[in-house]
Amino acid sequence: MLLRWLRTWQVGLKSLSLHPLRSLLTVLGIFIGVSSVIWLLAIGEGISLEAQRQIEGLGANNVIVRTIKPPTEVTEATMGILPYGVTRDDFSRLTETLPTVTRALPIRELPRRFSYGGRRVDGRLVGCTPEYAEVTQLRVERGRFLSDADLHDKQNFCVLAHETGRRLFPFEDPIGRSIRIEQTYYIVVGVMKHRDPSSGIGGSLAGQDYSHDVYIPISTLWSRIGDFIITRRSGSFQGEIVELSQITLRIDSVDHVMETSDVIKDTLARYHRHQDYGVTVPLELLEQARTTRMMFMVFMGLIAAVSLVVGGIGIMNIMLATVTERTREIGIRRALGAKRSDIVRQFLVETILLSVVGGLTGVLGGLACRPVINQLREGIARVMPEAINQLPPVIKAVQPVIVPESIPLAFGISVTIGIIFGLYPAMRAAAMDPIEALRHE
Amino acid sequence: MNAAVDISGLTKAYAMDGETVHALRGIDLEVPEGDFVSIMGASGSGKSTLLNLLGCLDRPTAGRIVLGGEDVTTLDDDRRSEIRASRIGFVFQSYNLIPQLTVLENIEVPLYYQGQLDARGRQRSRELAEMVGLAERLKHRPTQLSGGQQQRVAIARSLVNDPRFILADEPTGNLDSATSEEILHLLLELNAQGKTIVMVTHEPDIGRLGKRIVRLHDGEVASDERLDTVEVRIQKSEVGSRRSDAEGHSDFPNP
């Protein structure tokens, strides 16, 4: 019995090797189909995972309220001074009236020049609370981050971001030194580790670069610098009054996030005449991203399925030709005692061989997706860098992530398609009249 | 002696363009075990139809065929395949070897469909190849062999399942005279060993080698003639000299 099975496969292999090029091209059809299933799904997964990672970086429990500078036409600036944005009143309203808000972080960001000795760094001054480090996933490298006591005592303490520290203090230990911001000196108490910039999500939240930050207690910022800032623009001055750049609210559970965010939006709308703020709900984005991902997957899957069906048609085409070509052989085999089912099996074995080989090589081709894409990208970047630069950052940076299920899925579909499309030619072969088949030249 | 083949009232009619064509019109024939029957007749006399029916490749319109005690006329397709695999050995005019298989593999094909492709079966295939003089060519492909060698492979193949009888359809039709002689000697030898042989031919000299000649005419048995002993038959047949005037026959379409 074993020998018989062995022989069936052996004969199938032999028949296929009679036309190596033909078999190769048929296998190629399935190979492309299977590889493209894995590739497309991996690229889709890579893109959506990246989006998901960024959104999750914001925290699924969080609601972020950010100040947005409104267009000047809609605001009446009194004497060139423009007040806008989220206020301390907003902050207390939100924290005091909403029971589901467990924690709220007020943040104020300002562009400033930091100097120590002769060295200067232009960066972002961030007034914040001690929780800031945790929420933005910043890690301490040396010293410590700001403490509650610093906040309470409005201390002139600051913490440097990695890059800022490296550039202001290339040779010294910054801890205990004082850096100057405008007219005030701040004592460095800590340096943070490097953090990759986060990219903008959902339009309402711009990307953030943490590399040139200096962090001080927000209470210190309010008392030393205040809300009033003057920007000089092409010879004219413009004053702005901004109390808070951002409030990050943490909600007690994920289930309450959507409700609470609605209340937050309502509350803010009541006190703001202009749309000078934006509310970002990472959970909402996360859900959007999930739907987008599903759609993406279905779409990619469809394209891949089409290419697999095309591969299947290739198999059918070849097998029909083979059956006609081997009519005589079918007649001989029938005369020598082959049943119809034997003939069906014989041709099915060949299509299964074709589709299994196509499927296996396709899986290998699919697994090579990541290195191939990276090589390709590098190659193109070397030959025509401007073409790469024009691509959106998602495509420039995407790392395909192979979806584990896609491998058995693609392989299974390819073999199924091989069998389905091979069945008809095989049945046709079996249905032949042996006498006619024997007479066939 | 038991009857290897017992045919009674065998009729075959085809519908062709709305008309019924009678290929066989009631044939009765009994072939005892160990017989060597030559079936002869002109084109269209019904030889091929009879051969197809005997080989269980086709079903009669009426009448019955009993092979070794079993009525095969009413069997379904699968069962008839089994009968072909186990009881009948085919030898064709055009050898009908499978080109992608080696000599040994070609001989093994009927075993494969009988589910007997085991070590013993393979040993038997090897012995048969040796018997027909192809022990050195087991790994060759049919295209690497001469016509006579191919026909010898076909004969070895027809014997591998130890069939009840061998059906030979113009076994020398594509061969030159010397090779024809070889093949016919091989068949005679098999017959002498006890194999029942039914051979279809339209060449009188070859037909005369059998123990018995059944002539068909218009789908009926025209004559049934028993011949002399083997030795006399060989002398009379003059296979060698026959060919020179019968060369044109090889172009004839195979009926």
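Two strands are counted as paired if DSSP finds at least two bridges between them; strands (E, at least two residues) and helices (H or I, at least four) are DSSP runs numbered from the N terminus. The model is predicted, with pLDDT of at least 70 needed for local features and 80 or more for side-chain atom pairs, while totals for chains, interfaces and linings use all residues. Residues are numbered from 1 along each chain as its sequence is written, chains are lettered from A and ligands numbered from 1 in the order written, and side-chain values use heavy atoms, without hydrogens and water.

**View 1. The open sheet of chain B.** Four strands of chain B lie in the order 2-1-4-5 with antiparallel pairing. Strand 2 (19-32) and strand 5 (70-71) of chain B each have a single partner strand, so one side of each has no neighbour in the sheet.

**View 2. Strands 1 and 2 of chain B.** Eleven bridges join strand 1 (residues 3-16) of chain B to strand 2 of chain B in the antiparallel sense. B:Ala15 has B:Thr20 of strand 2 as its bridge partner. Helix 1 (residues 47-54) of chain B packs on the sheet and touches strand 1, strand 2 and strand 4 (62-67) of chain B (contact: heavy atoms within 4.5 Å).

**View 3. The lining of the largest cavity.** A cavity is a set of points on a 1 Å grid over the protein atoms alone where a 1.4 Å probe fits but cannot get out, and lining residues have an atom within 4 Å of a point. Residues lining the largest cavity include A:Ser15, A:His19, A:Met319 and A:Glu350. Helix 9 of chain A gives the largest share of this lining, three residues.

Conventions: 1 Å grid on protein atoms, 1.4 Å probe; cavity = no way out; pocket = protein on both sides within 12 Å on 5 of 7 lines; lining within 4 Å. Axes fitted to C-alpha atoms, helices over the stretch in contact; angles between N-to-C directions.
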